Amino acid sequence: TDLAKDNAKGGTLWKDLEKVPYCRRPGVRRTASQGRLQRSRSGAEQDRPKSITAPRCQELYRDHQVRRKKLDTQRQHKAALEEEEIQQQIRHASPSRRFDANSFDNWYKDNMGRLKETSDRRA
């Protein structure tokens, strides 16, 4: 690194660097827009053309898309299974025979008649 070259030339020593505040060390700069310290890119990173990092980014993006599609497929499958389970529960919960209003009215009148007779006897 730059520090190692500087040290080889007789410049700043490693132990002296520990005494230097972080913001004054080589390779560290304060950005006005962010208002915080940032480490500048090393020489190797600055010299590296963007074309080398672009395929890696594209590969990561493709991987992200594949994972997202897989996750979406799993979610859709799970939602379909849950929907089918709910439909089965509804089918099993619903009565197999139809509601007959006349039968209900007869049953209700009969039971209410018995209730009235029982309460009249007790009174």
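**Salt bridges, rings and confidence in a predicted model**

Q: At what N to O distance do the side chains of Arg 75 and Asp 72 meet in a salt bridge?
A: A salt bridge here means a side-chain nitrogen of Lys or Arg within 4 Å of a carboxyl oxygen of Asp or Glu. Arg 75 and Asp 72 both sit in helix α4, three residues apart, about one turn of the helix. Their side chains meet, N to O, at 3.9 Å.

Q: What kind of model is this, and what mean pLDDT does the protein have?
A: This is a predicted model, in which local features need pLDDT of at least 70 and side-chain atom pairs count only at pLDDT 80 or more, while totals for chains, interfaces and linings use all residues. Residues are numbered from 1 along each chain as its sequence is written, and side-chain values use heavy atoms, with hydrogens and water left out. pLDDT is the predictor's confidence in each residue, from 0 to 100. In this protein 57% of the residues reach 70 or more, and the mean pLDDT is 75.

Q: In what order do the elements of the protein run from the N terminus?
A: Helices (H or I, at least four residues) and strands (E, at least two) are DSSP runs, numbered from the N terminus. The protein has five helices and two strands. From the N terminus on, their order is α-α-β-β-α-α-α.

Q: Is Arg 75 buried, partly exposed or exposed?
A: Buried means under 20% relative accessible area, exposed over 50%, and partly exposed in between (1.4 Å probe, protein chains only). Its salt-bridge partner Asp 72 has 32% and is partly exposed. Arg 75 has 51% relative accessibility, so Arg 75 counts as exposed.

Q: How many salt bridges does the count come to?
A: Besides Arg 75 and Asp 72, one of the bridges joins Glu 59 and Arg 62 at 2.9 Å, N to O. Glu 59 and Arg 62 are three residues apart in helix α4, and they are partly exposed at 42% and 43%. Another bridge joins Glu 117 and Arg 121 at 3.9 Å; these two are four residues apart in helix α5. The salt-bridge count comes to six.

Q: What is the angle between the planes of Phe 104 and Tyr 108?
A: Rings of Phe, Tyr and Trp (its six-membered ring) pair if their centres lie within 6.5 Å; planes under 30 degrees apart count as stacked, over 60 as edge-to-face and the rest as tilted. By this rule the count comes to three aromatic pairs. Phe 104 and Tyr 108 form a stacked pair, 6.1 Å centre to centre, with an angle of 25 degrees.

Q: By about how many helical turns are Phe 104 and Tyr 108 separated in helix α5?
A: Helix α5 covers residues 101–122. Phe 104 and Tyr 108 are four residues apart in this helix, so their separation is about one helical turn.

Q: What is the relative accessible area of Phe 99?
A: Phe 99 lies in the loop between α4 (50–93) and α5. Phe 99 also belongs to one aromatic cluster with Phe 104, Trp 107 and Tyr 108. Phe 104 is partly exposed at 38% and Tyr 108 is partly exposed at 44%. Phe 99 counts as exposed because its relative accessible area is 65%.

Q: About what area does the nonpolar surface patch that includes Met 112 have?
A: Such patches are made of residues with over 30% relative accessible area and no salt bridge, with like charges joined within 9 Å and nonpolar side chains (Val, Leu, Ile, Met, Phe, Trp, Tyr) within 5 Å. This patch is made by Phe 99, Phe 104, Trp 107, Tyr 108, Met 112 and Leu 115. Its area is about 700 Å².

Conventions
Areas by Shrake-Rupley, 256 points an atom, 1.4 Å probe, with all protein chains shown as cover.
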